[in-house]
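Try each task yourself, then follow the worked solution step by step.

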Amino acid sequence: MSTAVPSPSSSSDPSSSAPAPGSRAPDAPAPAVPSAVELLPGVVRVDRQAAPDRRPTAEAVAPPQARPRNAFRPDIEGLRGLAVLAVLAFHAGVPGLSGGYVGVDVFFVVSGFLITGLLVGRPLGLWDFAARRARRILPAAATVLVATAAAGGALLDPLRGTDLARDLIAAAGQFVNWRFVGQQTDYLAAERDPSPLQHFWSLGVENQFYLLWGVLLLGLARHLHGRRRTLAIGLATGAIGVLSLLLCVRWTATSAPLAYFSTGSRLWEFAAGAGAALLGRALATRADRPGTAWTLRLLGWAGAAAVLVPVLLYDRNTPFPGTAALPPVLGTAAVLLAGPAHRALGAADAGRLLATRPLRAAGRLSYAWYLWHWPVLTIAQARYGTLPWTTLAALTAASALPAWLTLRFVEQPLRYGSSPAPRRGLAVGASALVIPLIAALTLGGGTVRALGGTADAPVAAPAGAPDGPALLAPGTRLLGLTPSLARAREDFPPGKGCEIPLNADSSPRCLFGAEDSPDRIVLLGDSHAGQWISAALAMAEQRHWALEVLVKPGCPLATLTVRNNVLGRTFDECDRWRENTLTRLTAGPRPRLVLMAGLNRYGSQEERAQGWTRTLDRLAALGAPLAYLGDTPMPGKDIPTCLAASDGRSDACFFPRDTAFEPDPLLDGGLAARYGVRTLDLGPLLCPGSGPDCPAVLEGVVLYRDTGHITDTLARVLAPRLDKGLLAAG
């Protein structure tokens with residue numbers, strides 16, 4: 001599964017996962033998706049009076065004519081158990097269950113099935129429906145949110161605590177899925193660790209679905225009756241499902257975080273469950289016929305296989321959801337349709353296997369278990385580093401204890417023991433929203449005090465030396481870290497809009513400085529070129545030139561095809577962007593300087609050399625001076641977070657020299673001399689000496705804003721050095 005962030009993911013784990021996520025990655029996850037994936041609080045009882053943990057009674061397996069319309073479905077409870085175990089195993093990294101993230105899709109379908117059955121079978125008032133949902137979902141979620149805020153404040157560093165406070169606000173407000181869409185489609189945030197609340201994205205999707213579906217079905221019930229109402233519900237379900245599936249397939253190919261986390265790309269999964277509920281009602285009168293019964297049994301086994309096979313065969317590299325989500329979604333719908341809603345549960349039914357005690361026990365605990373396990377895993381790894389899957393599995397199992405306590409003392413009392421009046425349920429829901437918000441504000445205030453300021457504080461870059469072994473100009477001394485830890489992760493270059501989205505294949509007109517000047521510097525490359533915008537702009541402004549920025553994150557300027565983990569496929573848009581950009585430069589006026597830079601880690605060393613040769617052949621034909629900035633060291637860890645966790649002790653955040661650099665075909669392979677390219681290698685300055693480690697802070701300047709990009713403050717400090725090394729001689 002692709003994620004926009006370092007994959008968990010998803011999540012991030014999910015996905016990641018994020019998120020997933022991720023990313024893309026992500027995690028990406030985005031990376032990156034993936035990436036984290038989450039459990040949804042599907043309801044297996046639609047009659048309010050029934051207790052959630054009773055065993056199936058004779059009524060539950062009675063013949064059709066004796067069964068109530070809203071009878072308890074033990075197979076659905078077991079299906080929830082199977083789904084949650086798959087998801088938990090995936091998050092724990094259990095070998096052989098790399099596709100366990102499809103459990104979230106199972107829960108979406110189950111939710112669509114149950115809610116549609118409830119609303120069609122016994123129409124409610126809108127406030128009554130909202131109160132039921134609030135009592136069912138929000139109290140347990142609020143309990144986990146408050147506990148996560150407390151644990152984050154005690155165990156996480158202040159920077160992670162700040163991120164967690166923002167996530168708490170979004171999670172309590174039921175829109176955290178959209179927060180993660182924005183974060184994981186943003187390359188600037190794509191390399192951050194997954195949030196302890198990333199799994200709440202699915203809760204946001206579910207509650208947004210409830211709002212839409214409740215208003216739609218209850219509105220139809222109010223104005224239409226009989227067959228007209230049934231027909232309208234069926235048409236609405238089909239139309240929403242088809243449109244959402246088309247969006248899902250398109251977004252999976254163009255923006256994995258949007259496809260994974262957004263409500264629009266997930267509605268079709270709920271619609272599949274709704275369709276199964278509507279079709280099941282139509283088949284009710286035929287369920288006792290031998291031919292129909294055996295057909296349903298075969299359908300149930302086929303559906304179970306369609307769910308289980310992806311759990312075993314999918315992995316983080318599977319483009320998801322997209323068409324890959326069809327088997328688990330349709331398989332779940334088949335299991336629900338084939339279940340014993342209108343007939344006895346027979347030995348030949350797949351539901352008999354699902355209704356076993358272990359799976360049903362996991363199903364009863366599933367919502368609370370999922371809510372608890374992800375914060376436990378992410379906070380433990382943030383505190384102690386990457387843990388083996390055996391430890392993660394043990395922590396996941398241990399999280400069943402707070403999950404059981406939440407089920408026993410929060411979920412059940414508030415769901416079944418409180419007054420059924422809508423006013424009481426809405427009051428419970430309002431409290432469950434407000435209390436986590438208070439916890440988020442408390443946590444956020446504490447982290448701001450710990451960091452000694454906010455990320456909005458302006459940064460004044462100190463004067464940099466134009467040459468020599470020192471970073472700063474003679475006589476320049478810094479009293480504290482610059483930028484501050486509160487600011488470092490947000491210390492981005494200007495012109496964020498110049499770094500185009502992954503699915504774009506051409507750059508907009510992006511000029512800085514003297515925009516009307518006929519002379520310009522062209523900054524060309526990926527996000528490791530974009531990090532030099534401020535330095536290049538200083539060079540241009542000194543000469544009253546323009547600066548044109550042509551950059552695409554994750555896309556090498558060297559002509560070679562790469563895979564993008566956020567998209568989960570070959571990065572075709574990169575090849576098109578490179579071709580369009582080189583053609584654009586050929587057709588336009590000749591630049592005064594083409595400044596190239598980029599991540600020096602795409603492909604193998606031989607592939608990089610061949611790719612640069614093909615690109616330099618094209619650029620040399622421009623007849624413009626060419627310059628190249630060697631890649632900056634790669635820390636491989638989030639430097640501001642590391643510094644915050646170590647109270648600013650820079651020696652705690654050293655990183656190995658042998659992993660910080662890769663052989664560079666322009667600096668080390670003779671290509672620069674062959675094509676007459678001016679080069680500047682800042683590696684010896686940023687990683688001085690010959691020891692085994694490179695610093696994260698140099699002369700008081702925080703060098704990196706994340707795991708691999710320099711701070712904008714450093715870029716401005718280095719501007720005089722770039723000017724002298726690349727332009728002074730020309």
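## Exercise 1: Cysteine pairs

Work out how the bonded cysteines pair up, and where the pairs sit.

Solution. Number the bonded cysteines of the protein in sequence order, and the pairing reads 1-2, 3-4, 5-6, 7-8. A disulfide here is a pair of cysteine sulfur atoms within 2.5 Å, and the structure holds four of them. Before going on, keep in mind that this is a predicted model, where local features need pLDDT of at least 70, side-chain atom pairs count only at pLDDT 80 or more, and totals for chains, interfaces and linings use all residues. Residues are numbered from 1 along each chain as its sequence is written, and side-chain values use heavy atoms, with hydrogens and water left out.

Step 1. Take C498 and C510, whose sulfur atoms are 1.6 Å apart in their disulfide. Both cysteines lie in the loop between helix 17 (485-488) and strand 2 (511-513), so the bond ties together parts that are twelve residues apart in sequence. Helices (H or I, at least four residues) and strands (E, at least two) are DSSP runs, numbered from the N terminus. C498 has 2% relative accessibility and counts as buried; C510 is buried too, at 9%. For reference, buried means under 20% relative accessible area, exposed over 50%, and partly exposed in between (1.4 Å probe, protein chains only).

Step 2. Move on to C555 and C574, joined with an S to S distance of 2.0 Å. The torsion about their S-S bond is about 80°, so this disulfide is right-handed. C555 sits in the loop between strand 4 (546-551) and strand 5 (563-564), while C574 belongs to helix 20 (residues 572-587), so the link ties together parts 19 residues apart in sequence. Both C555 and C574 are buried.

Step 3. Now look at C642 and C653, with sulfur atoms 2.1 Å apart. Their S-S bond shows -105°, making the link left-handed. C642 is in helix 22 (residues 639-645) and C653 in the loop between helix 22 and strand 9 (655-656), eleven residues apart. Again, C642 and C653 are buried.

## Exercise 2: Salt bridges

Which salt-bridge partners are buried, and which are partly exposed? Check D105 and R266, then E662 and R601.

Solution. A salt bridge is a side-chain nitrogen of Lys or Arg within 4 Å of a carboxyl oxygen of Asp or Glu. By that rule there are 25 salt bridges.

Step 1. D105 and R266 meet at 2.7 Å, N to O. D105 is in helix 2, whereas R266 is in the loop between helix 8 (256-261) and helix 9 (267-283), 161 residues apart. D105 and R266 are both buried.

Step 2. E662 bridges to R601, with the closest N and O atoms 3.9 Å apart. E662 is in the loop between helix 23 (657-660) and helix 24 (671-675), and R601 in the loop between strand 7 (593-597) and helix 21 (605-620), 61 residues apart. E662 is partly exposed at 37% relative accessibility, and R601 is partly exposed at 30%.

Step 3. D75 is buried at 1%, and R73 is buried at 5%. To finish, spot the network of salt bridges that links E77, R360 and R364.

## Exercise 3: Helix 4 and the cores

Solution. Step 1. Helix 4 (residues 158-172) has 15 residues and spans 21 Å from its first C-alpha to its last, close to the expected 21 Å at 1.5 Å a residue. That expected span is 1.5 Å times one less than the number of residues.

Step 1. Of its 15 residues, 13 are buried, so helix 4 is largely enclosed by the rest of the structure. Just after helix 4, Q174 takes a positive phi of about 65°.

Step 2. A nonpolar core is a set of buried Ala, Val, Leu, Ile, Met, Phe, Trp, Tyr and Cys residues joined through side-chain atoms within 4.5 Å. The largest one has 104 residues, and L168, F200, W201 and F320 have the most contacts inside it. Helix 2 (residues 103-121) gives the most to this core, with twelve residues. A second, separate core of 58 residues includes C498, L537, L547 and I710.
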